Amino acid sequence: MSDMKKWEERLSPAVCSIAPSGIRKFFDIAATMDDVISLGVGEPDFVTPWTIRESCVYGLEQGYTSYTSNKGLLELREEIIRHHAEVDGLVGPTPDDVLVTVGVSEALDIAMRSILGPGDEILIPEPCYVSYGACATLAGGVPVAVPSRIENEFRVTVEDLEAHVTDKTKALLIGYPNNPTGAIMPRAQLQQIADFAERHDLIVISDEIYGDLTYGSEPHVSFAALPGMAERTILLNGFSKAYAMTGWRIGYAIANPAIIAAMTKIHQYTILCAPITAQVAAIEALRRGEKYRLKMLAEYDRRRKFIYDGFNKLGLPAFEPKGAFYIFPDIRSTGLSSNDFAEKLLTSEHVALVPGTAFGSCGEGYIRCSYATSLDQIAEALNRIENFLKNHVR
């Protein structure tokens, strides 16, 4: 027996049962290649606005280098509550109901660990962010995939959910605006899901990290702000996407006092607190970052329209994304699987994107492309995809 095999057998079964992220595989390959255009990683191509960076520098000059309370700076938690009250109409939660975390990733992880016990099922509509199922498994729960369809613009329906609920179902995880599809959920359909959650007495984890990146006339609707939903919702959000603050690793959760207390218990033993410098920057983002957010949003909107038209002209149809900064084109007409399409495109044309299957089995036949890159790069990527379709597919 090799040394590797010997040590693998001593690892946690839960860890061994989950696959590595399907997103990173292609970018590990791309990192070894020259002249690669990436439409893959979901990271803004903007630098954090200067006023936010300046606040951090000022904080360091003033000696803000200590721990904060486990829940985070009170000043930041007050701003978070103010923001959601003004933008989403969220009424009820107080700063004591907020936990500041190391990115939304930590908030997702400890939310799962706080509510799921062995055998507890959590409904997870797919396609979805790659961490959802893995975090549920690591928490000891059972992720139950609920497929959504392009015919519904990848909006999960109550009928879809009802078909998968059992007496072991404890929670529902939704993420709108959606990664990878760009789908949003209108208020009327979200209310139907709220009624479903109440009917089955489910805890709802609502990942709203892209809530401040929506386009068109339909604004984002926060699930927690729906009538009666604040108490049963764990609202997850953060600063990475809307304020171009991915590397700052700052997010938060809002939930009822019992759930926040449980999440804080895990947080204090594993993380203690989020970095104070990132918390100071987040305060500035909420107070004075709006004009920069709107400027970035307008540029994403320009790219969104361009890439949407581009893929449809190539014969790879996609519904028009209404949120986040992703598009989910249909590549079934090529006869290639999502994985083969992504691999062959990368090796032949040096364009990196993500196969739809990275986000669940119902993503087969689709690819995820991020438009968080310049228009020039998007245009060149579309040209290379056109060459790929002519020379390697048709």
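## Salt bridges

Arg82 and Glu86 form a salt bridge, with their closest N and O atoms 2.9 Å apart; the term requires a side-chain nitrogen of Lys or Arg within 4 Å of a carboxyl oxygen of Asp or Glu. Both residues lie in helix α5 (residues 74-88), four residues apart, about one turn of the helix. Helices (H or I, at least four residues) and strands (E, at least two) are DSSP runs, numbered from the N terminus. Arg82 is partly exposed at 28% relative accessible area, while Glu86 is exposed at 59%; buried means under 20%, exposed over 50%, and partly exposed in between (1.4 Å probe, protein chains only).

The structure holds 23 salt bridges. Another of them pairs Asp45 with Arg303, the closest N and O atoms being 2.9 Å apart. Asp45 sits in the loop between β1 (37-38) and α4 (50-61) and Arg303 in helix α12 (residues 290-313), so this pair ties together parts 258 residues apart in sequence. Asp45 is partly exposed at 37%, whereas Arg303 is buried at 4%.

## Basis of the model

The model is predicted: local features need pLDDT of at least 70, side-chain atom pairs count only at pLDDT 80 or more, and totals for chains, interfaces and linings use all residues. Residues are numbered from 1 along each chain as its sequence is written, and side-chain values use heavy atoms, with hydrogens and water left out.

## A buried strand residue

Ser206 belongs to strand β6 (residues 203-207) and is buried, with a relative accessible area of 3%. Beyond its neighbours within four places in sequence, Ser206 is in contact (heavy atoms within 4.5 Å) with Ile174, Phe223, Thr233, Ile234, Leu235 and Leu236.

## Pockets

A pocket is an open set of points on a 1 Å grid over the protein atoms alone, where a 1.4 Å probe fits, with protein on both sides within 12 Å along at least five of seven lines; lining residues have an atom within 4 Å of a point. The largest pocket holds about 660 Å³ of space, a volume being the space filled by probe spheres set on the points. Its lining has 28 residues, with Gly42, Ser105, Tyr129, Tyr210 and Lys241 nearest the centre. Helix α6 gives the most to this lining, with four residues.

The second largest pocket has a volume of about 480 Å³. Among its 25 lining residues, Ala19, Val130, Ser131, Gly133 and Ala134 lie nearest the centre. Helix α7 gives the most to this lining, with seven residues.
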